[in-house]
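Trainee: I have a model open and would like to go through it with you. Could we start once it is on the screen?

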Amino acid sequence: MKANRIPLLLALAATAAITTLTASAKEPKPPQPLLPVLDANRDGELSPDEINNSSNALADLDKNGDGQLTRKELMPPPKKGKDADMGPPPPPPGKRPPLLIAVLDLNKDGILSADEIEEAPTSLATLDKDDDGTISRKELNPGKPPIKA
Ligand SMILES: [Ca+2]
Ligand SMILES: [Ca+2]
Ligand SMILES: [Ca+2]
């Protein structure tokens with residue numbers, strides 16, 4: 001019996017519902033927060049051109065022009081809404097950052113510094129496991145490793 005629901009869970013569920021309503025109904029959840037920024041042609045993969053241009057694409061996210069991307073700039077809150085002024089919720093403890101941020105944030109401080117933005121093409125290239133120059137959907141979403149029989 002799970003009669004006792006924690007209020008926080010209800011609040012989270014409500015927030016998720018609002019977010020889902022605001023976003024497109026087609027995609028319930030974006031695969032990666034930075035992917036829409038980097039994936040210029042929206043094919044779900046990062047081509048060599050898109051990888052090369054990643055520094056510029058990331059620089060566009062630097063809203064306050066200080067040369068670095070904070071967590072807030074990397075994952076902006078929903079644009080409209082009465083509660084949006086509170087800023088993005090802190091990431092749940094123990095949860096790993098999204099793959100793209102994890103690979104770009106070389107010193108793991110949660111902020112992409114100017115150096116890390118500059119290194120973005122190099123950092124992204126480490127995701128190109130089959131070395132074909134393109135970061136495929138599979139390489140972006142490694143998911144569960146295949147179970148060996
Ligand atoms: Ca692409
Ligand atoms: Ca900034
Ligand atoms: Ca960093």
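Trainee: What percentage of the residues of the chain count as buried?

Mentor: This is a predicted model. Of its 149 residues, 13% count as buried.

Trainee: And how many helices and strands does the chain have?

Mentor: The chain has nine helices and zero strands. Read along the sequence, the pattern is therefore α-α-α-α-α-α-α-α-α, given that helices and strands are taken from DSSP runs.

Trainee: What share of the contacts between residues at least 6 apart in sequence join residues at least 24 apart?

Mentor: The share is 56% of those contacts in the chain.

Trainee: Let us turn to the core. How many residues are in the largest nonpolar core, and which have the most contacts inside it?

Mentor: The largest nonpolar core has 17 residues, and Leu 34 and Leu 112 are those with the most contacts inside it.

Trainee: Which elements give two or more residues to this core?

Mentor: Three helices are to be named here: H2 (35–38), H6 (99–104) and H8 (120–125) each give two or more residues to the core. The largest share comes from H6, with three residues.

Trainee: Why would such residues gather at all?

Mentor: In soluble globular proteins, nonpolar side chains tend to be buried together.

Trainee: Back to Leu 34, then. Which residues is Leu 34 in contact with, leaving aside neighbours within four places in sequence?

Mentor: With those neighbours left aside, Leu 34 is in contact with Leu 74, Leu 100 and Ile 101.

Trainee: And Leu 38, is that residue buried or exposed?

Mentor: Leu 38, which lies in helix H2, counts as buried because it has 20 C-beta neighbours inside 10 Å. The cut-off for a buried residue is 20 or more.

Trainee: What does Leu 38 touch?

Mentor: Not counting residues up to four places away in sequence, Leu 38 touches Leu 46, Glu 50, Ser 54 and Ala 57. Its C-alpha atom is also separated by 7.9 Å from that of Asn 53, 15 residues apart along the chain.

Trainee: Changing topic to the backbone: which residues other than glycine have a positive phi?

Mentor: Arg 42 is one of them, with phi near 55°. Lys 108 is another residue with phi near 55°.

Trainee: Where do Arg 42 and Lys 108 lie?

Mentor: Arg 42 lies in the loop between H2 and helix H3 (48–52), while Lys 108 is found in the loop between H6 and helix H7 (114–118).

Trainee: Are they buried or exposed?

Mentor: Arg 42 counts as exposed because it has 8 C-beta neighbours inside 10 Å. Lys 108 is exposed as well, with 9 other C-beta atoms within 10 Å.

Trainee: What about Asp 43: where is its place, and how far is it from Ser 136?

Mentor: Asp 43 is placed in the loop between H2 and H3. Asp 43 is exposed, with 11 other C-beta atoms within 10 Å. From Asp 43 to Ser 136 the C-alpha distance is 9.6 Å, although the two are 93 residues apart in sequence.

Key:
Residues are numbered from 1 along each chain as its sequence is written. Chains are lettered from A and ligands numbered from 1 in the order in which they are written. This is a predicted model: local features need pLDDT of at least 70, side-chain atom pairs count only at pLDDT 80 or more; totals for chains, interfaces and linings use all residues. A nonpolar core is a set of buried Ala, Val, Leu, Ile, Met, Phe, Trp, Tyr and Cys residues joined through C-beta atoms within 7 Å. A residue is buried if 20 or more other C-beta atoms lie within 10 Å of its own, exposed if 12 or fewer, and partly exposed in between; C-beta atoms are placed from the backbone. Helices (H or I, at least four residues) and strands (E, at least two) are DSSP runs, numbered from the N terminus. Two residues are in contact if their C-beta atoms, placed from the backbone, lie within 7 Å.
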